[in-house]
Amino acid sequence: MQKRFTRMFLRNNRFIAYAVATALLIGAMLLGISIGTVSVPVLAILQLIGTEVLHLPSLGKADPMFTTIVMDIRLPRVILAGLVGASLAIAGAAFQGLLRNPLADPYVLGVSSGASVGAVLVLFFNLSLPFIGIFTLPVMSISASIITIFLVLFFARQIERSMRVETIILTGIVFSSFLGSLLSLMIALTGEELRQIIGWLLGSVSMRGWEYIAIILPFFMIGATILLFSSKELNAMSFGEERAQHIGVNVARRKLWILIGGSILTGAAVAVSGTIGFVGLVIPHLTRLLWGPDHRHLLPLSILLGAAFLIVADLISRTIISPTELPIGVITSLIGAPVFAIILIRRRKERRG
């Protein structure tokens, strides 16, 4: 009874929801910047951010070593991890709402694998498209992710005209396995680029720098804006596409935009960090449990919590067996796989009940 009351209180008080999510994100960022081989005091971090980023008047001379560590290494790493986590979390929340299934996410639907193939092709052939330069990697990754999701939907429709959610998810898993085989083939044919591709596929935000933030940020803003402006339609479609059609939602057009928005976010995230699984599965599910299924709040809260989660996962990956650094995808999978199993068990029990 007490647990139910607590959950209802959290769901009905949106101010607390946003305050808690924002506090978790700020706390995760400060921890991510502070903890490492050299510990940086929180006051020094706040001073550096104030003077170097916000251009506020300096309260004292900053330590040059702290300045280098924070501004050149840890702050861009933390921001990049936050952007990747936010991208995957909101994309997962949107896919789950669209398909009305908490098991749907970019990883399960094959979108991440498609994005990985696009990105590895760039690395494998050392491609650089005219006029876009450093944006070749995210553009190819996003293009491949969009093509993948539409191929998944096309084949799911060929298998079953009604396109049940279970059919779409199973088709996505099949595509993910097939694309994984293509990645393995490219790795087998790789020479000197082998270490770069393997390290990239395992997922990491290490030593990426401000350049990678500049790469992901515009795509994050575009994709997140598309999905946030689709929140009301996602609420309507959660009751079924026919009902949404009756209340004036152009279901076909809105589904297209949601799929494109989610694919843009996933492709950009994969391009800068590699394959990081389960973020789009775990964070939206936990957010929905705590604060309800209303996508007007679920999507922005998923952004905040997804960013905080991946910053903490990255912190764990680089400190748990320091000085060796684990791929961040290993940490998210260790957390996400059990959660995935728990969701499956709960859904099976609900159906039997």
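**Salt bridges, burial and annotated spans in a predicted model**

Me: What makes the contact between the side chains of Asp-314 and Arg-77 a salt bridge?
Reply: The side chains of Asp-314 and Arg-77 meet at 2.8 Å, N to O, and a salt bridge is defined as a side-chain nitrogen of Lys or Arg within 4 Å of a carboxyl oxygen of Asp or Glu, so the pair is called a salt bridge. Asp-314 lies in helix α14 (residues 295–319) and Arg-77 in helix α4 (residues 64–99), so the pair ties together parts that are 237 residues apart in sequence. Helices here are DSSP runs of H or I with at least four residues, strands are runs of E with at least two, and both are numbered from the N terminus.

Me: What kind of model is this, and how are residues numbered?
Reply: This is a predicted model, in which local features need pLDDT of at least 70 and side-chain atom pairs count only at pLDDT 80 or more, while totals for chains, interfaces and linings use all residues. Residues are numbered from 1 along each chain as its sequence is written, and side-chain values use heavy atoms, with hydrogens and water left out.

Me: Why are Asp-314 and Arg-77 called buried?
Reply: Buried means under 20% relative accessible area, exposed means over 50%, and partly exposed is in between, with a 1.4 Å probe and protein chains only. Asp-314 has a relative accessible area of 3% and Arg-77 one of 10%, so both are called buried.

Me: How do you know that Asp-314 forms a salt bridge with Arg-318?
Reply: The closest N and O atoms of Asp-314 and Arg-318 are 3.9 Å apart, which is within the limit of 4 Å. Asp-314 and Arg-318 are four residues apart in helix α14, and therefore separated by about one helical turn. Salt bridges that share partners join Arg-77, Asp-314, Arg-318 and Glu-325 into one network.

Me: How many salt bridges does this rule give?
Reply: The count comes to four salt bridges, and one of them is formed by the side chains of Asp-294 and Arg-296, at 2.7 Å, N to O. In this pair Asp-294 is buried, with a relative accessible area of 14%, whereas Arg-296 counts as partly exposed because its relative accessibility is 45%.

Me: What makes Asn-126 exposed and Phe-278 buried?
Reply: Asn-126 has 67% relative accessibility and therefore counts as exposed, whereas Phe-278, at 14%, counts as buried. Asn-126 is found in the loop between α5 (111–125) and α6, and its phi is near 55°, a positive value in a residue other than glycine. Phe-278 is placed in the loop between α12 (251–273) and α13 (279–291), and its phi, near 75°, is likewise a positive value in a residue other than glycine.

Me: Why does Ile-147 count as exposed?
Reply: Ile-147 counts as exposed because its relative accessibility is 52%, and this residue lies in helix α6 (residues 136–159).

Me: Which residues does the UniProt annotation "transmembrane region" cover?
Reply: According to the unreviewed UniProt entry, the annotation covers several spans, including residues 168–189 and 298–316; UniProt positions are given in the numbering used here, feature names are shortened, and annotations may be inferred rather than shown by experiment. In the model, residues 168–189 are 95% helix and 0% strand, with end C-alpha atoms 32 Å apart, and residues 298–316 are 100% helix and 0% strand, with end C-alpha atoms 26 Å apart.
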